[in-house]
Amino acid sequence: MAAPPLVMTSLPTMTSPAAEADPNPLITLFRQCVVRITDEDGRFRGSGFLVAPGQVLSCGHVVHRAKGLRVHWQKQAADVAEVAAAPPLESVTDPHSYPLPDLAVLGLSSDAQAWGHPCAALAGQQPVLGGAANGLYLAGYTVEHSREPSLTGATTEFESLVTEDGHAFFKLKRGLVLPGFSGSPLLDRQAGLVTGIVESTRSRQAALGGFAVPATEFVIAFPRVAGANQAFHARDGRWAAAAEAESVRSAERDGARSRLAALRPPLVALPPDDEDVSAATVLRPRHAVVGYVGREQLLADIAAWCEREAGGSA
């Protein structure tokens with residue numbers, strides 16, 4: 001007896017919620033704000049991030065005594081037209097002990113005007129002490145795996161606020177802060193905002209964390225650029241949308257929020273010219289949209305009705 005023919009059937013394609021949408025939309029946008037900085041010889045100097053249209057925030061020691069600076073964003077590059085630093089670059093003799101706040105704003109050439117790049121949104125307060133270990137995330141360029149700088153990241157934790165010579169900085173614990181991370185943005189994942197700028201490491205060989213300059217120090221040093229940052233986010237909703245989506249994804253993973261089931265239609269039409277439809281069926285809420293009546297108005301109507309009845313019977 002001949003064997004029955006084989007019938008090939010295809011299995012349904014299974015997709016996870018993570019495959020339907022980016023599981024970390026804010027992290028993705030955050031990383032898109034990061035740039036790498038090189039000098040006239042093409043040498044990698046460090047990291048930075050886009051803080052306003054055509055302007056990059058980094059550390060002063062990253063660009064100290066460097067000529068022919070260029071900023072590389074994704075597959076594009078632009079020359080640095082001007083540099084403003086706090087304290088000024090010419091006032092510092094030793095970049096290895098650059099005084100606080102150790103910040104620099106790089107103004108890019110007109111080539112960057114067509115990029116349409118995002119900008120990081122800045123926090124106005126320090127991180128919460130005792131938060132989750134993955135509460136802070138930094139992204140920057142390093143030569144950790146190859147000779148060419150690669151965009152990577154690290155998680156760290158806020159340990160202490162320190163004040164030195166009238167300037168504040170964050171002491172971070174955990175996380176391997178590598179060479180090249182100087183100038184990287186530090187994202188407070190709970191707040192959904194960039195809370196600081198990575199300034200230095202506590203160890204190049206062990207995950208001991210590092211130090212970061214608070215975003216508030218940048219606002220004090222460069223108020224005009226900080227204003228441009230706020231104006232950008234007032235008209236560009238990409239960061240706010242990504243932060244909201246990140247919150248939703250996180251809640252879904254934690255089981256605090258489930259995906260909405262398909263909603264029933266708000267209005268169910270009655271069969272036309274159906275004489276068998278009872279009055280009770282017609283009055284069901286599903287067959288009409290009923291306006292909301294506030295409690296105050298309802299109580300006032302009841303009180304007026306009671307007074308009118310009482311007056312009529314007198």
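Which residues of H5 are buried? They are Val-225, Ala-226, Asn-229 and Phe-232, where buried means under 20% relative accessible area and exposed over 50%, with a 1.4 Å probe and protein chains only. This is a predicted model, in which local features need pLDDT of at least 70 and side-chain atom pairs pLDDT 80 or more, while totals for chains, interfaces and linings use all residues. Residues are numbered from 1 along each chain as its sequence is written, and side-chain values use heavy atoms, leaving out hydrogens and water.

Helix H5 covers residues 223–235; helices are DSSP runs (H or I) of at least four residues and strands (E) of at least two, numbered from the N terminus.

Now to the largest pocket. A pocket is an open set of points on a 1 Å grid over the protein atoms alone where a 1.4 Å probe fits, with protein on both sides within 12 Å along at least five of seven lines; lining residues have an atom within 4 Å of a point. His-61, Ser-182, Glu-199, Ser-200 and Arg-204 lie nearest its centre. E11 gives the most to the lining, with 4 residues.

| Element giving two or more lining residues | Residues |
|---|---|
| Strand E2 | 44–52 |
| Helix H3 | 60–63 |
| Strand E11 | 193–201 |
| Strand E12 | 210–214 |

Definitions and conventions
The expected span of a helix is 1.5 Å times one less than its number of residues.
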